[in-house]
Amino acid sequence: MLRTLNGVWLRAYARDLYAQGWSLAAIGEAMDPPRPRSTVRSWISSPLPSSPSSSSSSPITTAEDLHPPYPPPLPPPPSPLLRPSAPSHSSAPSPKPRAERRFFDPRSPDLSVTAARKIAHLAPLARRHRSRTAPTSPYALANDELTQICRAEYERGVSIRELAAAAGVTYKAMERRVRP
């Protein structure tokens, strides 16, 4: 229906659909070509011009205020997609209960306290290291020392997750540091 309308009728009809409960996205998707939400919102929020065929200068507020060709009655708003429920006699296995959330203890038995303190001290300095930094700068030296410590601990069996937590970085950042 929206494909056949244009101009004032399209805007008035879109306004009526929105008043009936249609979402801006649903109205835009019903058009050919589909229109973005922002376009539909501008149609709905902007005032419609006064009726061109009427002698009065009263503004048009709904599609009913327009003279023919007025479109047919409004369809009901689209319902949200609901997932069909599986029959109770289904042979599908029931979903597993959600496992309890496990919290990471920053004082890992594998990572020594002295190594964790050293990593925590060097990490902020190493974060400031860039490729153009002089190799003798404190940031470059801290970066090299942190890499050596983390690689040594990783080879000793400490997990990347524990090293990342000690340094305050993501798993991926620590993985890039310890794996050649």
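Q: Which helix holds Tyr139?
A: Happy to start there: this is a predicted model, and in it Tyr139 lies in helix α5.

Q: What makes Tyr139 count as partly exposed?
A: Its relative accessibility is 26%. Buried would need a value under 20% and exposed one over 50%, so 26% falls in between and Tyr139 is partly exposed.

Q: What is Tyr139 in contact with, leaving aside its neighbours within four places in sequence?
A: Its partners are Leu125, Ala126, Arg128, His129 and Thr133. They qualify because contact requires heavy atoms within 4.5 Å.

Q: How far apart are Tyr139 and Pro124?
A: Along the sequence they are separated by 15 residues, and in space by 9.0 Å from C-alpha to C-alpha.

Q: Where does Pro124 stand relative to the bend of α4?
A: Helix α4 bends by about 25° at His121, and Pro124 follows within four residues.

Q: How do you know what span to expect for α4?
A: The expected span is 1.5 Å times one less than the number of residues. Helix α4 covers residues 113–127, which is 15 residues, and the expected value is 21 Å. From first C-alpha to last it reaches 21 Å, close to that expectation.

Q: Which residues of α4 are buried, and what covers them?
A: Ala115, Ala116, Ile119, Leu122, Ala123 and Ala126 are buried. The cover includes α5 (138–156), α6 (160–167) and α7 (171–178).

Q: Why are α4 and α6 called roughly perpendicular?
A: They pack at an angle of about 65°, with their axes 7 Å apart. The roughly perpendicular class runs from 65 to 115 degrees, so α4 and α6 belong to it. On the α4 side the contact is made by Ala116, Ile119, Ala120, Ala123 and Arg127, and on the α6 side by Leu163, Ala166 and Ala167.

Q: How do the residues of the contact of α4 with α6 divide?
A: There are seven nonpolar, no polar and one charged. Arg is among the residue types that count as charged, and Arg127 is part of this contact.

Q: Which residues of α1 are buried, and what do they pack against?
A: Helix α1 spans residues 7–19, and its buried residues are Leu10, Ala12, Tyr13, Ala14, Arg15, Asp16 and Leu17. They pack against α2 (24–29) and α3 (37–45). After α1 comes Gly21, with a positive phi near 115°.

Q: How many helices and strands are there in the protein chain?
A: There are seven helices and zero strands, and the order from the N terminus is α-α-α-α-α-α-α.

Q: What part of the 180 residues in the protein chain is buried?
A: Buried residues make up 29% of them. Each of these has a relative accessible area under 20%.

Q: How many of the contacts between residues at least 6 apart join residues at least 24 apart in sequence?
A: In the protein chain, 58% of those contacts do.

Terms used:
Residues numbered from 1 in each chain as written. Predicted model: local features only at pLDDT ≥ 70, side-chain atom pairs only at ≥ 80, totals over all residues. Heavy atoms only, no water. Helix = DSSP H or I, 4+ residues; strand = E, 2+ residues; numbered from the N terminus. Bend = angle between axes of the 7 residues up to and from the residue. Buried < 20%, exposed > 50% of the residue type's maximum accessible area, 1.4 Å probe, protein only. Axes fitted to C-alpha atoms, helices over the stretch in contact; angles between N-to-C directions. Parallel < 35°, antiparallel > 145°, perpendicular 65-115°, else oblique.
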